[in-house]
Amino acid sequence: MRHLEFYEVDVPIHNTSRTLHGVHVFTGKASSADEALARAHQVYDAAFAARQAGLEVPGQQDGGWGARGARDGWELDWSAAKAGRWSNPNDWTRKKPYEL
């Protein structure tokens with residue numbers, strides 16, 4: 001059986017006029033960064049296709065992957081997407097900056 005871990009896929013996004021931009025974040029279980037990238041792309045394509053067809057956007061799929069924010073007029077730059085193991089910013093084992 002494959003060992004699955006949580007991954008994060010960050011995909012740069014911009015509106016069609018390129019005046020607004022940001023990052024669309026996907027998370028879910030995968031066995032590698034390559035698989036995580038493929039799953040994120042797959043769920044986004046499914047969500048966008050459903051939206052274009054006037055259907056309900058699919059919910060969360062196997063491994064926790066899902067895409068609820070498919071919007072017309074926004075483009076994702078999959079060639080610049082980055083995938084890596086997810087690091088919980090609230091994990092108590094992470095070092096925190098010293099605070100007074």
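Student: How many bridges join E1 to E4, and do the two strands run parallel or antiparallel?

Tutor: In this predicted model, E1 and E4 run antiparallel and are joined by 4 bridges.

Student: Which sense does the pairing of E1 and E3 have, and over how many bridges?

Tutor: The sense is antiparallel, and there are 3 bridges. Look at Asn-15, whose bridge partner in E3 is Trp-74.

Student: How many bridges join E1 to E2?

Tutor: There are 10, and these strands also run antiparallel. Two pairs can be picked out by eye. Phe-6 stands opposite Lys-29 in E2, and Val-9 has Phe-26 as its bridge partner there.

Student: How many residues lie between the strands in the hairpin of E1 and E2?

Tutor: The hairpin has 5 residues between its strands. Arg-18 sits in this loop between E1 and E2.

Student: What should I look at in the backbone of Arg-18?

Tutor: Start with the general idea. Most residues other than glycine have a negative phi. Now the case here: Arg-18 is not a glycine, yet its phi is positive, at about 60°.

Student: Is Arg-18 buried or exposed?

Tutor: Arg-18 counts as exposed because its relative accessibility is 59%, and the cut-off for exposed is over 50%.

Student: How do I read a nonpolar core, and which residues touch the most other members here?

Tutor: The general idea is that in soluble globular proteins, nonpolar side chains tend to be buried together. In this model the largest nonpolar core has 18 residues, and those touching the most other members are Val-9, Val-11, Phe-26, Trp-65, Leu-76 and Trp-78. E1, E2 and H1 each supply at least two residues of this core. H1 gives the most, with 5 residues.

Student: Where is Ala-81, and what does Ala-81 touch?

Tutor: Ala-81 lies in the loop between E3, residues 74–76, and E4, residues 82–85. Leaving out residues up to four places away in sequence, Ala-81 touches Val-9, Asp-10, Val-11, Pro-12 and Leu-37. As for distance, Ala-81 and His-41 are 40 residues apart in sequence, while their C-alpha atoms are 9.8 Å apart in space.

Student: Why does Ala-81 count as buried?

Tutor: Ala-81 counts as buried because its relative accessibility is 16%, and buried means under 20%.

Student: Is Ala-46 buried, partly exposed or exposed?

Tutor: Ala-46 has 31% relative accessibility, so Ala-46 counts as partly exposed. Ala-46 is found in H1, which covers residues 33–52.

Student: Which residues does Ala-46 touch, if I leave out those up to four places away in sequence?

Tutor: Ala-46 touches Pro-58 and Gln-61. Compare the two kinds of separation for Pro-58: Ala-46 and Pro-58 are 12 residues apart in sequence and 7.3 Å apart in space, C-alpha to C-alpha.

Student: What is the nearest side chain of opposite charge to Arg-39, and how far away is that side chain?

Tutor: The nearest one is Glu-35, 5.2 Å away. A salt bridge needs a side-chain nitrogen and a carboxyl oxygen within 4 Å. Arg-39 is buried and has no salt bridge. Arg-39 is also placed in H1. Apart from neighbours within four places in sequence, Arg-39 is in contact with Gln-61, Asp-62 and Trp-65.

Conventions:
Residues numbered from 1 in each chain as written. Predicted model: local features only at pLDDT ≥ 70, side-chain atom pairs only at ≥ 80, totals over all residues. Heavy atoms only, no water. Buried < 20%, exposed > 50% of the residue type's maximum accessible area, 1.4 Å probe, protein only. Contact = heavy atoms within 4.5 Å. Lys, Arg positive; Asp, Glu negative; His and termini not counted. Core = buried A, V, L, I, M, F, W, Y, C linked by side-chain atoms within 4.5 Å. Pairing = 2+ DSSP bridges.
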